[in-house]
Amino acid sequence: MKINVSNVTKSYKHKAALKNISFTMEGPKIIGLLGHNGAGKTTFLNLLSGLISTTSGEILVNGENVFNAPSTLRDICFVAESGNFQEEMTIAQTLKANHFFYPKWDEELAQELLQVFALNPKDKVRNLSKGMVSALGIITGFASCTAITIFDEPYIGLDVAARNMFYDLLIEQQTENPRLFILSTHLIDEASELFEEIFILHEGELLLQKTTDEWREHIVAVKGNASDVERAIGDLQVIYQHTFMQEMTAIVFANGQSIEDQNITLESVSLQDMLVYLSKQKVRLGR
Ligand SMILES: Nc1ncnc2c1ncn2[C@@H]1O[C@H](COP(=O)(O)OP(=O)(O)OP(=O)(O)O)[C@@H](O)[C@H]1O
């Protein structure tokens, strides 16, 4: 499955939620779609799922525009943050409707996960707690077996044990039935080990698209005396820089170049920190 995003802008009245972004996503893979509040993540996911249209530019899924080829939507399951279920339906009816819509639906898995998350199929959606709605979303996403499965903040209201269950399922499903999973979450440190590729949006722009290996290899924190750090980093792209009492920390994009100096130390940068640094400085590292 390949998603081509070309020059996409989405404006709501006078506000541009996405500003001329272009990139590709290709699966099977687990992708982390990250960004602070209002970055444009949900807007992008709504566009990809054909729920709203672009102001300009286009999104193609395997060469097809989802608006021109509605059948493509049967291969995209978007589990929205708010839980996009009908309040008056029971859990059983909700799953049945999804079974009907998604051609590759795995009913056995759906039944198994109902037990795992201890949901009663007879309960109405309107009477479920937030965590139960999240669990229903998780069941729907996995059982849909769609080539593109999207989870937007899938675990609101779920405790750590249930979240860990979600992570385990994600790994298990990616092994048994590989697909393109897009996971948008604010719990970055918790989920960062799962991601194979990372996209960071900020104020409607794409600041970073890197595989996890690229990010780990190329983005480093250089620490030491300010003059030593400056000499060591030379003309490397600086993402963030902070000096306190002559001690400097510079987060740099090394892009394969080695950084050497006896008096400096090199440290890895967590994904959570990188998101903060990139957004603060609005540095764009794209592809
Ligand atoms: N229906 C809408 N009408 C007007 N503005 C909107 C609408 N939906 C989103 N926006 C605006 O577009 C911008 C991007 O919102 P979006 O929900 O895509 O961000 P997000 O990255 O998903 O944020 P969060 O992490 O808080 O869910 C925000 O400024 C938001 O206020």
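Author: Cys-145 counts as partly exposed, because 18 C-beta neighbours lie inside 10 Å of it; a buried residue would need 20 or more. The model is a predicted one. Cys-145 sits in the loop between α4 and β7, the latter covering residues 148-152. Its phi is positive, at about 55°, although Cys-145 is not a glycine. Most residues other than glycine have a negative phi.

Asn-7 is placed within strand β1, and it is exposed, since 12 other C-beta atoms lie within 10 Å. Strand β1, residues 2-12, is joined by five bridges to strand β4, residues 56-61, and the two run antiparallel. In this pairing Asn-4 stands opposite Leu-60 of β4.

Strand β4 has a further partner: two bridges link it to β5, residues 64-65, again antiparallel. There Val-61 faces Glu-64 of β5. The two strands make a hairpin with two residues between them, and Asn-62, in the turn, has a positive phi of about 50°.

Helix α4 (130-144) is one of the elements packed against the buried residues of α5, along with β3 (29-34) and β8 (180-184). Helix α5 runs over residues 160-176; its 17 residues should span 24 Å at 1.5 Å a residue, and its end C-alpha atoms are 24 Å apart, which agrees. Within α5, the residues Phe-166, Leu-170 and Gln-173 are buried. Viewed down the axis of α5, these buried residues fall within an arc of 80°, so they line one face of the helix. An α-helix has 3.6 residues a turn, so residues three or four places apart point the same way. The face of α5 turned away from the buried side carries exposed residues, among them Val-160, Asp-168, Glu-172 and Glu-176.

Which elements cover the buried residues of α2? Helix α4 is included in that cover, as is α3 (107-116). The buried residues of α2, which spans residues 91-101, are Ile-91, Thr-94 and Leu-95. These cover an arc of only 95° around the axis, which puts them on the same side of α2.

Strand β3 was named above as packing against α5. In the loop between β2 and β3 lies Pro-28, and a cis peptide bond joins Gly-27 to Pro-28, with omega about 5°. Most peptide bonds are trans.

Strand β2 (15-26) also gives two or more residues to the shell around the ligand, as does α1 (41-48). Helix α1 gives the most, with three residues. The residues around the ligand include Tyr-12, Lys-15, Ala-17, Lys-41 and Thr-42. By class, the shell holds three nonpolar, six polar and two charged residues.

Last, a residue further along the chain. Thr-211 belongs to strand β10, residues 205-211, and counts as partly exposed because 14 C-beta neighbours lie inside 10 Å. Apart from residues up to four places away in sequence, Thr-211 touches Glu-196 and Glu-197. Thr-211 and Phe-195 are 16 residues apart in sequence, and their C-alpha atoms are 8.3 Å apart in space.

Terms used. Residues are numbered from 1 along each chain as its sequence is written. This is a predicted model: local features need pLDDT of at least 70, side-chain atom pairs count only at pLDDT 80 or more; totals for chains, interfaces and linings use all residues. A residue is near a molecule or strand if its C-beta atom, placed from the backbone, lies within 6 Å of it. Helices (H or I, at least four residues) and strands (E, at least two) are DSSP runs, numbered from the N terminus. Ala, Val, Leu, Ile, Met, Phe, Trp, Tyr, Cys and Pro count as nonpolar, Asp, Glu, Lys and Arg as charged, and the others, Gly among them, as polar. The expected span of a helix is 1.5 Å times one less than its number of residues. The arc is that of the directions from the helix axis to the C-beta atoms. Two residues are in contact if their C-beta atoms, placed from the backbone, lie within 7 Å. Two strands pair if DSSP finds at least two bridges between them.
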